[in-house]
Amino acid sequence: MQLRYAFRVYPSTGQCALLARSFGCARVVFNDALRVREDARAAGLPFVTSAELSKRLTASKKTPERAWLGEVSSVVLQQSLRDLDTAYRNFFDGIEGRRPNTGPPRFKSRRYNRQAIRFTANAGWRITDGGKLRLPKIGDVRVEWSRPLPSVPSTVTVVQDAAGRYFASFVVGTDPAADRERMPETDATVGIDLGLTHFAVLSDGTKIDSPKFLRRAEKKLKKAQRVLGRKVKGSKNRGKARIRVARAHARVADARREFHHRLSTELIRENQAVAVEDLAVKGLARTRLAKSVHDAGWSAFVTMLEYKAVRYGRAFHRIGRFEPTSQVCSNCGVKDGPKPLDVREWTCGACGAVLDRDVNAAVNVAKAAGLAVSACGAQVRPERVPAQRREAGTHPKPHQATVRQAGITRL
C-alpha cells in the first residue's frame, strides 16, 4: 500500500529562487504541451503522443527562446508531461463514466495558489546523513522531520501553498501485515451519524462536539480580509496582506485536518467495523448551512476513515443517503415518518421508547450496514405509563409475558 508522508521544509533565500524557477519551467512545459495538443485537435490532426511531446521538449531546449529550460532538472520537466497525460486520462474516463467528470485540462497560471514539482528515483535526489533533502540543481534543503519514514520513498514532491510555505511529500510503500499488527483485532463495531450540532454521534451514545474552527477564527479572518481590501492592487503591501490572509486560512485548515486525523485514528483503533452514511455534501453546500457544512469537513473525515480501515484491516461500510435513519425506531423498527430538524428527541408511538434523534440514527446506520449493535446503546428509555387498576398490586403466580413487535427484529 502506498501512502504519502508530508513534512515542512525550510529552503534558504537562494533555494526559494531556484524552486520558483523550477515551478515556472514545469508550468511552461505543461502549457506548451497542452497548446500543441489543442492546436492539433483544432486542426483535425491525430492526438499528439507523449513520446512526440518529449522529443519536442528536447528540441526546444536547444532554441534561444527555451534555452533556460536546461537550468532545472530534466526529470521535473518530464514529470510535467506525465501530469498532462494524467489530466487527459481523467478527462476521458469522466466522459466514459468510469469516474466523476473533471473537465478538460486547463492552462496553469503563475498566480495559482499551489505550485509543485515532482522528482522520481532516477532524478538523483536523496536524504543526506544529516537529515536534509538533497534535490538536483537546488541543493540540500532543511526538513522538519516529525516522524521517521517507514521505508525508502520512491518519489518526492515539493509543494508551495498559498501561504508561502514549502512541503516535501514522499510516496512510501508500507507493509499491510506490519500495519495490522499495530492495531490488533477487536470485537467492537460502531455506527457514526455526522452532524453540525455535534460533529459525530456514535451508536454507543458518545457525542463528539464540533470544534467549528472556521467560526472561531472568523473575527480574525474578517479583519485580515478587510485590511487586504484596502491595499492597492499590484502593490507589495497587498502581496503581504494576501499572505497574512492565506496563513490565517491555513491555520484553520491545519487544525481541522489534525482533528480529523486524531478522531479517525481513534475510531479505527477501537472498532473492527465502522459504518457511516453517504451524505450529499454538494447539495448541503448550496443551502443556508453552507459555511457550517464546509467548516465540518465531512468528506475529508470519511475519506480518512476509509483509507485507514483498508490500511489496518478494518471493515468500512457506507450506507445509502436515502436510508431513513432518523425515521425508524432503533428499538422496535417502526417507521413513523420524517421529523423537523428542531426535534432532537422523540417518543416512538409503537413501543413508547424515548429516543435521542442522533444516537438513534447512529444505531440505525450500524444496523443498515449489518453490524451487531445493541439498541440499548441508543439511550432508549421506556416512557412512564400509569398502571391499570387491574394490574396494581402483586401477582401470586407470575407469568412470562410475550412481546410482539412489528418491523426490524430487536438485536
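Our tour goes through a predicted model.

Now select H6 itself, residues 218-230. This helix has 13 residues, and the span from its first C-alpha to its last is 19 Å, close to the 18 Å expected at 1.5 Å a residue. Show the side chains of Glu218, Leu221, Ala224 and Leu228, which are buried. Why do they sit on the same side of H6? They do so because they cover an arc of only 130° around the axis. Turn to the other side of H6 and you will find Lys219, Lys223 and Arg230, which are exposed.

Next stop: the sheet. Colour its five strands in the order E10-E9-E8-E11-E12; the sheet is open and its pairing is mixed. At the edges are E10 (207-209) and E12 (315-319), each of which pairs on one side only. From one strand to the next, the twist averages 20°.

Zoom in on E8 (residues 189-194) and E11 (residues 273-277), which run parallel and are joined by four bridges. Pick Val190 here and look across to E11, where Val274 stands opposite.

Select H10 (residues 298-311), which lies across E8, E9 (198-202), E11 and E12 and runs at about 145° to E12. Then select H11 (residues 357-368), which packs on the sheet and touches E8, E9, E10, E11 and E12. The direction of H11 makes about 130° with that of E8.

Note on methods. Residues numbered from 1 in each chain as written. Predicted model: local features only at pLDDT ≥ 70, side-chain atom pairs only at ≥ 80, totals over all residues. Heavy atoms only, no water. Pairing = 2+ DSSP bridges. Helix = DSSP H or I, 4+ residues; strand = E, 2+ residues; numbered from the N terminus. Axes fitted to C-alpha atoms, helices over the stretch in contact; angles between N-to-C directions. Contact = heavy atoms within 4.5 Å. Expected span 1.5 Å × (residues − 1). Buried < 20%, exposed > 50% of the residue type's maximum accessible area, 1.4 Å probe, protein only. Arc of directions from axis to C-beta.
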